[in-house]
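Hi everyone, thanks for coming.

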Amino acid sequence: MSITLNSPLDMHLHLRDEAMLKTVAPLSSETFSGAIIMPNLVPPVTTKEQLIGYKERIGSAIGDDVFTPYMTLFFKPTYTKEFLESIKDELTAIKLYPAGITTNSEGGVSGFDVEELRPTLEAMSELEIPLCIHGETNGFVMDREAEFVSIYEKLAAAFPKLTIIMEHITTKASVEALDRFENLHATITLHHLLITLDDVAGGMLQPHLFCKPIAKRPEDREALRKVALEAHPKVMFGSDSAPHPQHAKEACGCAAGVFTSPIALQVLAELFEEHSTIENLQAFVSDNAKNIYKNITIPEKTITLEKKSFVVPEKYGNVVPMYAGETLAYSIV
């Protein structure tokens with residue numbers, strides 16, 4: 001059995017920089033047509049010069065692969081319409097992080113006063129630049145995303161022409177919010193379709209499954225699976241593949257992030273096949289994103305997966321992937 005995907009897209013990807021960029025970027029550019037690239041470097045990407053420079057470094061890392069990096073800025077409430085107009089041709093979206101909520105997010109937003117955010121968000125609305133949000137409060141870790149839903153709704157109501165992407169949703173509450181506002185959309189990761197908190201910490205701690213937002217309850221996973229497997233038009237695949245060196249994951253202060261780029265399409269194919277929804281995989285990994293992000297041009301690329309065992313390497317460089325050493329049912333031709 002084989003499956004052919006046209007121009008698969010990863011709508012939430014961390015490529016890091018320098019040596020790590022050179023290791024992980026080719027693992028995405030080999031099998032995806034493009035990806036939304038996260039801006040939370042050190043320092044974060046906030047200027048035109050930083051954005052163009054990062055895009056050029058990604059281009060050098062991927063070589064001749066057919067792959068478009070869709071670039072983002074780290075959200076600042078002080079961006080002006082004139083600045084955004086000057087960078088619009090290089091920019092696909094802007095990523096908003098609550099301050100200190102995840103990796104390299106210390107310079108994020110500390111409050112969500114609509115009037116304080118209005119200048120940038122109104123300019124984005126007028127220029128049709130999507131807003132991607134890491135939606136978590138500073139509350140109890142299992143409740144952070146559900147608590148943030150009211151902020152999503154406040155922003156969606158205040159800026160109805162602004163395309164808002166709820167990034168890497170993990171809860172039933174976020175799924176239910178999707179259809180309450182026309183301008184709310186979401187990305188869903190591979191790992192949140194597969195694991196719950198029990199897989200992370202129910203037995204021996206599994207550091208390579210630790211991420212933020214943290215994996216939730218079985219009922220949350222089922223809600224995510226339902227909309228992903230039916231390829232609900234407001235959801236799309238975003239891996240949130242987040243590489244860290246092995247020593248940073250297998251440590252006292254374990255870094256948050258699951259590295260899935262090299263196995264994402266293979267495991268998704270198996271998951272969709274198991275649930276007899278393989279015909280919906282194309283929409284989940286490509287077509288829905290094209291409809292949500294109306295400002296992207298997608299290069300043509302065909303990826304074929306075949307029912308042939310693939311043993312996941314123990315490491316890629318110094319990064320341990322999800323399912324390291326395990327055998328998957330599908331391989332990429």
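Let's begin with a pair of serines: the side chains of Ser 241 and Ser 261 are joined by a polar contact of 3.0 Å. A polar contact is a pair of N or O atoms within 3.5 Å; within protein, one must be able to donate a hydrogen and the other to accept it, and residues adjacent in sequence count only if both atoms are side-chain atoms.

Keep in mind that this is a predicted model, where local features need pLDDT of at least 70 and side-chain atom pairs pLDDT 80 or more, while totals for chains, interfaces and linings use all residues. Numbering runs from 1 along each chain as its sequence is written, and side-chain values use heavy atoms, without hydrogens and water.

Is Ser 241 buried or exposed? Ser 241 counts as buried because its relative accessibility is 0%; buried means under 20% relative accessible area, with a 1.4 Å probe and protein chains only.

Now the pockets. A pocket is an open set of points on a 1 Å grid over the protein atoms alone, where a 1.4 Å probe fits, with protein on both sides within 12 Å along at least five of seven lines; lining residues have an atom within 4 Å of a point. The largest pocket holds about 400 Å³, a volume being the space filled by probe spheres set on the points, which are joined across faces, edges and corners. Its lining has 16 residues, and Lys 161, Thr 163, His 185, Ile 292 and Lys 294 lie nearest the centre.

The second largest pocket holds about 270 Å³. Of its 17 lining residues, those nearest the centre include Arg 16 and Asp 17.

Methods:
Buried < 20%, exposed > 50% of the residue type's maximum accessible area, 1.4 Å probe, protein only.
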